[in-house]
Amino acid sequence: MSATAKPLANTRSGTGIPTARLITWWVIASEIVIFGGLLASYVMHRIGHPEWADAASHTNTWAGAFNTFVLLTSSLCAVLAHKAADAHDGPRAAKLLRLTSLGGLIFLCVKGFEWTADIHEGFVLSSGGFWSFYYTLAGLHGLHVLAGMIIMLIVAADAAKNQELQRVECIGLYWHFVDIVWIFLFPLLYIAR
Amino acid sequence: MTTEAQMQAQPHVHHPNYVKVWAILVALLVVSVAGSLTHIRDVVLVAAFGVAVVKAYLVAKNFMHITVEKRWVPYLLIICLLFIFILFAGVAPDVMHHSGLHWTNPSANQAAQPAGGGVKRE
Amino acid sequence: MSTYMEHAEPGVLKKYLWSTDHKVIAMQYLFTGMAMALLGGFFAYGFRMQLGFPDHSVPGLGLITPGKYNALVTMHGSIMIFWVAMPVLIAAFGNFLIPLMVGCDDMAFPRINRLSYQIFLLSVLVLLASFFVKGGPFGGAWTAYPPLSASGAYNLTPAGAVMWLLAVALEFVAFLLGGINFTVTAMNSRAPGMKMYDIPILVWMIVLANVIFMASVGPLIAGAIMLLFDQTMATGFYDPTRGGDPLLWQHLFWFFGHPEVYVVLLPAMGIVAEIIAVFARKKIFGYKTVLYTAWAVGFLSFVVWAHHQFVAGIDPRMANIFSITTLLISIPIAEMVFLYIATLYGGSIHLDTPMLWALGFVVEFLIGGVTGIFLGSSGTDIYLHDTYFLIAHFHYTFVPIAIIATFAGITFWYPKMFGRMLNETLGKIHFWGTIIPFNVIFIPLFITGIAGDQRRVYNYALFAEQSRPELQHLRTVSTIALLFMLAFQLVFLFNFFWSFRHGREAGANPWRSATLEWTVPSPPPHGNFAEMPTVYRGPYEYGLPGHAEDFVPQNVPDSALAGEVKA
C-alpha cells in the first residue's frame, strides 16, 4: 500500500473534529488515567508515610524549577508552531517544532545531571518508598518527553515540506499534556514534598 | 459530515498572544517557588498546588484551545480525572491508613513514629 | 465515488503478513485468538484431569505437580481473558465489521491498526516464550497478587513472572492503540446519513468497550510498572516491610479487572443483538434503551471493583458501599437482557445455528448473572469467595461471553468473511455438544463450591480441613464433561476448515440482514464498497408492512422503494 495513500475513512469527520486531532484527544484521555493512577498511588503513600519527608527533602528544587521553565518555554514554541502551521508556513512550523524538541532535550539533560547527583549521594530506585516513586514518576514522564521529541522531529520533517501540517497541532497537544503532567509533578516532588 | 479538506481550509482557533500567556506562566512558576521558600506549610501548599491548577488551566485553555473544542472533549477528560478521584476514594482507606477496625500494619506504624505521631486519624 | 484503492497487487508476504487492510488484520487476530483458545482449553484439560483423577499421570502433560498446577490455572485464566476473549470479540470482530458496518473503506488509521496487531503478536510470543524459561511459566494466578507475584522466592517462577507481566503490558498497549483507532473510526468515518442512532448496536458496544478499557487500564499500567520494579529492581511498592502495601496492587488490578469483564461482555451482547434481530426478523426492542443501559453499565462498572476484595481486609465501610453498587449494576444488565427477550417476542424465529448460540448466550448468562448476586453481597461473599461457587459463577458469565458469543459471531459472519456457508448440521451438533457438557461441567462445581471446595488447590486429599472425599464424584463428573466438550470442538474445527473449500457459496446476504456489511460481496474486496454508501434509515428495519421484502437495507434510498410502499 502506498505510504501516503489515506483511506476515505481518515478524511471524513462525523464529529466535526479532524481524525488526527480526535485520536490525539483520546490518547491524552488514556494518558490521564495512566499518570493519574501512578500519581494517586504516590499521594496515598506519601500522606500515609510522613516519615518520607526526610528522604524527599533531598530533591533539587532549583533543577526542578528550571526544568519547569524549560518545558513551559518549549510549550510556547509548540503552540507557535501550530500558529505557523495554520498560516500554512510549514518551514517555520518545522523550525519551531525542532526548538520544542530541543527544549525536551535540555529537560532530559538537566534530569540526567540531577539524577547523577542523586545516585552519587546514594539515592537509587530501591532506596526506599519515596525514591522508588520519585524515579518511577519522573522516569515515566521522561519517557513520554523522549517519545514526544522523536515524534515531533518526524512531524517536523514532513512539515518542512509543507506536508501533513495538521499533525503539528496534534503533536503540540500531546506536548502540552506532557507539560501539564510536569506542572503537577514539580510541586509534588520538589515543593510540597 | 465535513471532510478533512474543508476543515483544513480554515483554522478552527483564534490565536491569542502566546508570549503573554507564557510570561504569566513563568511568573506563576516564580510565585510557587517563592512560596516554597517561606516554609510555612499552608503557604507552601497553596502556592504549590494552587499555582499548579491555575497553570494547568492556562495551558489547557490557551495552548490546547480546549475551550473552543467540541464540548464533549473537555467533559471526557474531566470524566477520566473523575475516575482517578474515585480510585483514590476507594483505595485510600486501605493504603493511606495503617490501621483499621480489625487490622494494623505494624511496620508502617513503627516507621511513621519518628516523624512525630504518624497519620492523623479521624 | 469508487474507493477501490489503486495500487499494485502486493506479494503474498505483504498481503497476509504486512497488510493494513482491516479485514486481513481481523483474520490475524481471529486465528491467533483461536489458536490461543486451543492452548487455554488444553490447560483446562490438564488441571481438571488432576482434580478429577488426582495424582494420575495426565496424557500429554504427565504428573501434575503443585507447581505445574499453579502454572496451568494461571495460564488458563490469563490466556482466556487476554489472548482469546479480547482479541476475538473486540479486535477480530471489531476490525472486520466496524468499517463495513459504518460504510467506509478501512479504519481511520490503517498503519496504527497493523502496529497494534504486531504488538499483540509480540505479547503472544513473549507469553509462549515464558513456557520455556527456567522455572516455567508464571504460577501466581492471573490476578498476580504480590508478594507472591513480586518475589521469585515465593512464586518459584521468577523469569516466568516477569515475562507474564511484560506480555500483559504489551497486550494492553496493543488494545489501547487498536481501541482508540476503532473509536475514532466509528465516530468520524461513518457513511453520510448514518446518524448516531443509525449505528448498529455491535459497533456501539465495541466502541463503548474500548472506552471502558482505555479508562480503566491506566491505573493498572501504573501498577504493573510498580510490580515489574518490585520483581526486578528490588523496590518495595507492595512490600509492607518497606513502606509499601500489597492491597494497592489488588485495588489497581480490580479497578481495571471489573470494568474488563464489561469490556468483554458488551461486544458479546452486541453480537447477540445483531443475530437476534436478523433471526427474529424484528427490530431491536428499545434501541435507545439498550444504548443508555450500556452506558450506565459502563459507568457503574467503575465503582464496583472492590467486591473482588471483600475478604482481603479492606475497610468494612467500603464493603458496604461496594455491595450496594454491585447489586445496582445488575439492574441495567438485566434490563438489556429483557430488551432482547422483548425483541424475540412476536418475532418470526428461525433457529439457525447462529440463533441457537445467541439464545444459548441469553440463557446461560442469566444463570451467571443471578449467581453473581450471592457474591456481590459482602455477607454471603465471606463464605463463597474463592470457592468453586465463584468459579462456576464466572464461567457462567465468561463462557457465554468468550465461547458462546464467539461461536455465534463466527457462525453468523463466516459467510461474509469467507464467502461460504458453514454446514448447518455440523453446526447444530457442535452447539448441543458444547452447551450440554458446559452445564454438566459447572453445575456440580456450584455444589462443591457451596460445600466449601476452595479454588487453586491442586489436591484436596492433602488439605485435611478442606477435604471432602464424598464430593470427589462430582469433581470427576465435571472433568469427564469437559472431555466431551473439548471433543465436540473438533466438529467445529472440521466444519470451519472444511467449509473454506466445500461450503455452499454464500452470496452477499445469505441471512437477509439489513446492515451495511451484507451489501458488499462475500468476502468483501479491498476498499469494501465499489460505491460508497449513503444511509437512509436505521439498521434493523425488519418486518415492515407494505414491502415485498421483509427487510430494508440501510443504504437503499426511499425512492427505490416507492413502488412497494402503500401510501
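## Chain A: overall build

Two residues are in contact if their C-beta atoms, placed from the backbone, lie within 7 Å. Among contacts in chain A between residues at least 6 apart in sequence, 79% join residues at least 24 apart. The model is predicted.

Seven helices and one strand make up the secondary structure listed for chain A. Their order along the sequence is α-β-α-α-α-α-α-α. The C-alpha trace of chain A extends over about 55 × 30 × 30 Å along its principal axes. Of the 193 residues in chain A, 60% are buried.

Helix α2(A) consists of 30 residues, and the distance from its first C-alpha to its last is 44 Å, close to the 44 Å expected at 1.5 Å a residue. This helix is mostly covered, with 27 of its 30 residues buried.

L189(A) belongs to helix α7 of chain A. Because 22 other C-beta atoms lie within 10 Å, L189(A) is buried; the cut-off for a buried residue is 20 or more. Not counting residues up to four places away in sequence, L189(A) touches T59(A), G64(A), Y134(A), L137(A) and A138(A). One of these, Y134(A), is 55 residues from L189(A) in sequence, while the C-alpha to C-alpha distance is 6.9 Å.

L153(A) is placed in helix α6 of chain A, residues 129-160. L153(A) is partly exposed, because 16 other C-beta atoms lie within 10 Å, a count between the limits of 12 and 20. Leaving aside neighbours within four places in sequence, the contacts of L153(A) are R98(A) and S101(A). K95(A) is 58 residues from L153(A) in sequence, and their C-alpha atoms are 9.9 Å apart.

## Contact between chains A and B

The contact involves 46 residues of chain A and 50 residues of chain B. On the side of chain A that touches chain B, at least two residues each come from β1 (12-13), α2 (19-48), α4 (61-86) and α7 (166-191) of chain A. By residue class, this side of chain A comprises 25 nonpolar, 16 polar and five charged residues.

## Chain B: domains and confidence

Chain B is divided into domain 1, residues 14-69, and domain 2, residues 70-100. The C-alpha centres of domain 1 of chain B and domain 2 of chain B are 23 Å apart.

The average pLDDT of chain B is 83, and 83% of the residues score at least 70. Over residues 115-122 of chain B the pLDDT falls below 50, although this stretch has 13 contacts in the model beyond near neighbours in sequence. Where pLDDT is low, the predicted coordinates should not be read in detail.

## Contact between chains B and C

Here 17 residues of chain B are in contact with 19 residues of chain C. Helices α4 (72-95) and α5 (106-112) of chain B each supply at least two residues of the side of chain B that touches chain C. The largest share of this side, nine residues, is from α4(B). Its residues divide into twelve nonpolar, four polar and one charged.

## The largest nonpolar core

The largest nonpolar core has 274 residues, of which L97(A), V272(C) and A408(C) touch the most other members. Domain 1 (14-69) and domain 2 (70-100) of chain B both give residues to this core, so the core lies between them.

Leaving out residues up to four places away in sequence, A408(C) touches I271(C), V272(C), I275(C), P354(C), W357(C), A358(C) and F361(C).

## Helix α4 of chain C

Helix α4 of chain C covers residues 110-129, 20 residues in total, and reaches 29 Å from its first C-alpha to its last, close to the 28 Å expected at 1.5 Å a residue. Its buried residues are P110(C), N113(C), R114(C), S116(C), Y117(C), F120(C), S123(C), V124(C) and L127(C). The buried residues of α4(C) pack against α2 (22-52), α3 (66-102) and α6 (158-188) of chain C.

Note on methods: Residues are numbered from 1 along each chain as its sequence is written. Chains are lettered from A and ligands numbered from 1 in the order in which they are written. This is a predicted model: local features need pLDDT of at least 70, side-chain atom pairs count only at pLDDT 80 or more; totals for chains, interfaces and linings use all residues. Helices (H or I, at least four residues) and strands (E, at least two) are DSSP runs, numbered from the N terminus. Ala, Val, Leu, Ile, Met, Phe, Trp, Tyr, Cys and Pro count as nonpolar, Asp, Glu, Lys and Arg as charged, and the others, Gly among them, as polar. A nonpolar core is a set of buried Ala, Val, Leu, Ile, Met, Phe, Trp, Tyr and Cys residues joined through C-beta atoms within 7 Å. Domain bounds come from an automatic or database domain assignment. The expected span of a helix is 1.5 Å times one less than its number of residues. pLDDT is the predictor's confidence in each residue, from 0 to 100.
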